[in-house]
Amino acid sequence: MEEVAEARSAILSRIRQALRGAPEVPRPPEGPLPTSARYRAEVEGDLVGRFVREAEAVGVRVHRSSGGELVQTVAEILRATGVRRVGVAGNVQALIPPLRAVGFAVGGVEVARDADAGVTAADWGLAETGSLVLLSGPAQERLLSLLPPVHVAVLGEDRILTDLDALFDRLDDVPAALTFITGPSRTADIEQTLTPGVHGPGVVHVVVVRGLLP
């Protein structure tokens, strides 16, 4: 420990010497930068369109639906993906009976490990990056967005925000965990070869819903 402390002290001493005579850089003002106002206004003017473009740019397959067409839209996505076993989160449990009625084997979070797809409702979407935000909570079983190879997220148009600043403005209490999903899971750890689906779902669908969710 003593050697570590001495090494740290030597490093900091060299940094102080190197910084002597360097001009002092003023701290930026707190809050959003004034130059960001025009940019934020541009994003806020087309929240849904910007979210869709940014999400598609990172590999998300985006679908548009009304609340009344949601079951049909989700069922079509699952059929087209070859899904049979589905795990549905508690915050969209109204989808369970109609999906069972059209032939899918549907369960809750207990089937996450063996499910072909997980269906969840995203708490928020961020237009700036096309990201989904899932807040930890009793009805948000995040395992269903992490373990199955396919993730289908339902997102209301009215849940799309501009950016992270807007998100934290909305959160009165920050939950124990926030999950940000920006496109399918991918890694290039092995020989810098981009490989999808290593640490999470390799395919992500988002259904952007107009009107109330069922």
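Hi everyone, let's start at aspartate 123, which sits in the loop between E4 and E5; strands here are DSSP runs of E, at least two residues, and helices are runs of H or I, at least four, numbered from the N terminus. Please keep in mind that this is a predicted model, where local features need pLDDT of at least 70, side-chain atom pairs count only at pLDDT 80 or more, and totals for chains, interfaces and linings use all residues. Residues are numbered from 1 along each chain as its sequence is written, and side-chain values use heavy atoms, with hydrogens and water left out.

Is aspartate 123 buried or exposed? Aspartate 123 is buried, meaning under 20% relative accessible area with a 1.4 Å probe, protein chains only. Yet aspartate 123 has no salt bridge, which would need a side-chain nitrogen of Lys or Arg within 4 Å of a carboxyl oxygen of Asp or Glu. The nearest side chain of opposite charge, arginine 159, is 5.0 Å away; Lys and Arg count as positive, Asp and Glu as negative, and His and the chain ends are not counted. Leaving out residues up to four places away in sequence, aspartate 123 touches Val133, Leu134, Leu135, Gln140 and Arg159, where contact means heavy atoms within 4.5 Å.

Now for the sheet. E5 (residues 124-126) and E6 (residues 131-135) run antiparallel, joined by three bridges; two strands pair if DSSP finds at least two bridges between them. Across from leucine 132 in E6 stands glycine 125. The open sheet has four strands in the order E8-E5-E6-E9, with mixed pairing. E8 (160-161) and E9 (178-181) are at the edges with a single partner strand each, so one side of each has no neighbour in the sheet.

Notes: Buried < 20%, exposed > 50% of the residue type's maximum accessible area, 1.4 Å probe, protein only.
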